Structure formats: C-alpha cells, structure tokens
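These are my notes from going through one model.

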Amino acid sequence: MQEKIEERHKEITHIQNTIWAMYKDFLADHDMAAYNRKIEELSKEYTHKGNQQLLSFCQNILISWCPIINGLAEEFRKEER
C-alpha cells in the first residue's frame, strides 16, 4: 500500500514540476507554440500511462493555467508592438 502512495506522490510531483517548468520557460521565451506542444506532450504521457485519475488531475491543472498563460501572452504581444 505504501508503495502505491509513494508512486502516486512521484507522479503528482512530476506533473506539478513539469507545469511549473513550462510556465518558467514561457516567461523566458514567450513562445506559445512551445508551451502548447509541452501541454500536448504531458497530456499524452498520462494518457499512455492509463491512469484516468492522474490524467484528469494533469488536464485540470493545465486548464486552470490557461487564463494565466493567455493573459501573459496578451501582455507580451502588447509589449512587442
């Protein structure tokens, strides 16, 4: 039982750390295409793992970040004009 909990903890940590890294990369390069590609890669990773609960967790966090990233993207576009 403890092993399953530890494995789940590792997966949750991986999801959150990956999304945080994606956010930091986006702040540095403002590359929306790269950010979207990374979203797709992370979603596919958890689709292939076959764990619906982790996939749902991952997708829900990604959806929650959408307004933040889109707002930043708009601000970056304004600065570039």
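Entry 1. I started with H30, which is partly exposed, with a relative accessible area of 29%. The model is predicted, so I read local features only where pLDDT is at least 70. I then looked up where H30 lies: in the loop between helix 1 and helix 2 (32-49). Most residues other than glycine have a negative phi.

Entry 2. Next I took the helix pairs. Two packed helices are described by the angle between their axes and the distance between the axes. For helix 1 (residues 2-29) and helix 3 (residues 52-80) I noted an angle of about 15° and axes 11 Å apart. Angles under 35 degrees count as roughly parallel, so that makes helix 1 roughly parallel to helix 3. The crossing of helix 1 past helix 3 is right-handed. I listed the residues that make this contact: helix 1 brings R8, E11, I12, I15, Q16, I19, W20, M22, Y23, F26 and L27, and helix 3 brings Q53, L54, F57, C58, I61, L62, W65, I69, L72, A73 and F76. Sorted by class, the contact of helix 1 with helix 3 has 18 nonpolar, 2 polar and 2 charged residues.

Entry 3. I did likewise for helix 2 and helix 3, which pack at an angle of about 170° with axes 10 Å apart. Helix 2 and helix 3 are therefore roughly antiparallel to each other. On the helix 2 side the contact is made by M32, Y35, I39, L42, S43, Y46 and T47, and on the helix 3 side by L54, L55, C58, Q59, L62, W65, I69, N70 and A73.

Entry 4. Which residues have the most contacts inside the largest nonpolar core? I found I15, I19, Y35, Y46 and W65, in a core of 18 residues. Helix 1, helix 2 and helix 3 each supply at least two residues of this core. Helix 3 gives the most, with 9 residues.

Entry 5. Leaving aside residues up to four places away in sequence, Y46 touches E11, H14, I15, N51, L54, L55 and C58. One of these, I15, is also among the core residues with the most contacts.

Key. Residues are numbered from 1 along each chain as its sequence is written. This is a predicted model: local features need pLDDT of at least 70, side-chain atom pairs count only at pLDDT 80 or more; totals for chains, interfaces and linings use all residues. Side-chain values use heavy atoms; hydrogens and water are left out. Axes are lines fitted to C-alpha atoms, for helices over the stretch in contact, and angles run from 0 to 180 degrees between N-to-C directions. Helices (H or I, at least four residues) and strands (E, at least two) are DSSP runs, numbered from the N terminus. Angles under 35 degrees count as roughly parallel, over 145 as roughly antiparallel, 65 to 115 as roughly perpendicular and the rest as oblique. A crossing is left-handed if the near helix is turned anticlockwise from the far one by less than a right angle, and right-handed if clockwise. Contact means heavy atoms within 4.5 Å. Ala, Val, Leu, Ile, Met, Phe, Trp, Tyr, Cys and Pro count as nonpolar, Asp, Glu, Lys and Arg as charged, and the others, Gly among them, as polar. Buried means under 20% relative accessible area, exposed over 50%, partly exposed in between (1.4 Å probe, protein chains only). A nonpolar core is a set of buried Ala, Val, Leu, Ile, Met, Phe, Trp, Tyr and Cys residues joined through side-chain atoms within 4.5 Å.
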